[in-house]
Amino acid sequence: MSESRLAPLPHLPPPPASLLTGASLFLDFDGTLAPIADTPDGVVVDTDLLTLLGELRDALGGRLAIVSGRSIATLRDLGFANFLLAGTHGLEFAHPGEGVEAPPRRPAVDDAEAAFHAFADGKPGLLVERKSISVGLHFRGAPQWGAQAGELASDLADKLGLALQPGKMLFELRPGGADKGSAVHVLMARAPMAGGRPVFIGDDVTDEEGFAAAAALGGAGILVGPPRATLAAFSLEQVAAVRHYLLEGVARPG
Ligand SMILES: O=P(O)(O)OC[C@H]1O[C@H](O[C@H]2O[C@H](CO)[C@@H](O)[C@H](O)[C@H]2O)[C@H](O)[C@@H](O)[C@@H]1O
């Protein structure tokens, strides 16, 4: 997403509860449904959240999907097996009880993973996250290495023909050709999401494409977190505010 497409809107209003009426709801996971933790494994999904999302999905006639940078396998392990999922930033899809639609893991991703490990070796706090068809280098535990990690990831992306996906204290290398915006377009053409007004809630730069796609299809994006240049039309301060907003949605007819 180029900076020129991002409108600088410092203080966005909170979304009206009515936005969820008739919505097809797309939810990011990390930083949106769960607070950011020190490590990827440090995030726990509580049963209250799963119950809330299940009730909201039912209220929306099934039109609720999780759209995450996490892999489908990880999302299912986290407790989202009964939800419609788009994983790895729009590269993977899965309907409840069905197999995963995903491209194969490329040898280039293994090469990137090996290079990330060689870089992280002997640098406490750096963490290499092996994912189904991608790999991440996390520097939340060693922010002093962030700039060099970014240079390495950028070089590897060029050399190996992979897409560089920046995240929160994270550089990820993955196949290109999809993003959260394309995931919204794919799912909006299918049951159960087709026919609703897309609403995308997310916190990270990877969610901007989701906001853009929702707006292009007549819906809106909701940014979670402090003000920044964004394509979202509304904002919520933090994860707790997202949950409160979704609880309001459960109380309204879909
Ligand atoms: O699209 P998302 O659902 O927001 O997933 C994006 C990435 O989230 C995870 O990393 C982020 O969250 C971690 C846990 O809170 C945190 O430790 C890390 O610093 C963040 O970057 C996940 O590990 C990645 O695989 C996802 O791509």
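1. Two strands count as paired when DSSP finds at least two bridges between them. In this predicted model, β6 and β7 form a hairpin, with four residues between the two strands. The strands run antiparallel and are joined by four bridges. Within this pairing, E129 stands opposite G136 in β7.

2. The order is β6-β7-β9-β8, and the pairing is antiparallel. The edges are held by β6 (127–130) and β8 (163–167); each has a single partner strand, so one side of each lacks a neighbour in the sheet. On average, neighbouring strands of the sheet are turned by 20° against each other, direction ignored.

3. Next, the other pairing of β7. Four bridges link β7 with β9, and the sense is antiparallel. V135 has L173 in β9 as its bridge partner. The side chains of β7 deserve a look too. V135 and L137 point one way from the strand, G136 and H138 point the other way, and all are buried.

4. What lies across β6, β7 and β9? Helix α3 does, covering residues 107–120 and running at about 15° to β7. Another helix, α4 (residues 146–160), lies across β7, β8 and β9. Its angle to β9 is about 10°.

5. For α5 (residues 180–188) and α6 (residues 208–216), the angle is about 40° and the axes are 6 Å apart. On the α5 side, the contact is made by K180, G181, V184 and H185; on the α6 side, by E209, G210, A212, A213 and A214. Sorted by class, this contact has four nonpolar, three polar and two charged residues.

6. Most residues other than glycine have a negative phi, and most peptide bonds are trans. The peptide bond between A191 and P192 is cis, with omega about 5°. P192 sits in the loop between α5 and β10 (197–202).

7. H89 is in the loop between β3 (84–87) and β4 (92–94). Is H89 buried or exposed? Buried: 29 other C-beta atoms lie within 10 Å, and the cut-off for a buried residue is 20 or more.

8. M169 lies in the loop between β8 and β9. M169 counts as partly exposed, because 17 C-beta neighbours lie inside 10 Å.

9. E55 is a residue of helix α1 (residues 47–59). E55 has 15 C-beta neighbours inside 10 Å, so it counts as partly exposed. How far is E55 from G195, in sequence and in space? The two are 140 residues apart along the chain and 19 Å apart in space, C-alpha to C-alpha.

10. Finally, the overall picture. The protein chain has seven helices and twelve strands. Its C-alpha trace spans about 55 × 40 × 30 Å along the principal axes. The radius of gyration is 18 Å, which agrees with the value near 18 Å for a compact globule of 254 residues. Buried residues make up 45% of the 254. Of the contacts between residues at least 6 apart in sequence, 57% join residues at least 24 apart.

Key: Residues numbered from 1 in each chain as written. Predicted model: local features only at pLDDT ≥ 70, side-chain atom pairs only at ≥ 80, totals over all residues. Axes fitted to C-alpha atoms, helices over the stretch in contact; angles between N-to-C directions. Contact = placed C-beta atoms within 7 Å. Buried ≥ 20, exposed ≤ 12 C-beta atoms within 10 Å, placed from the backbone. Nonpolar A, V, L, I, M, F, W, Y, C, P; charged D, E, K, R; others polar. Rg over C-alpha atoms; globule rule 2.2 N^0.38 Å.
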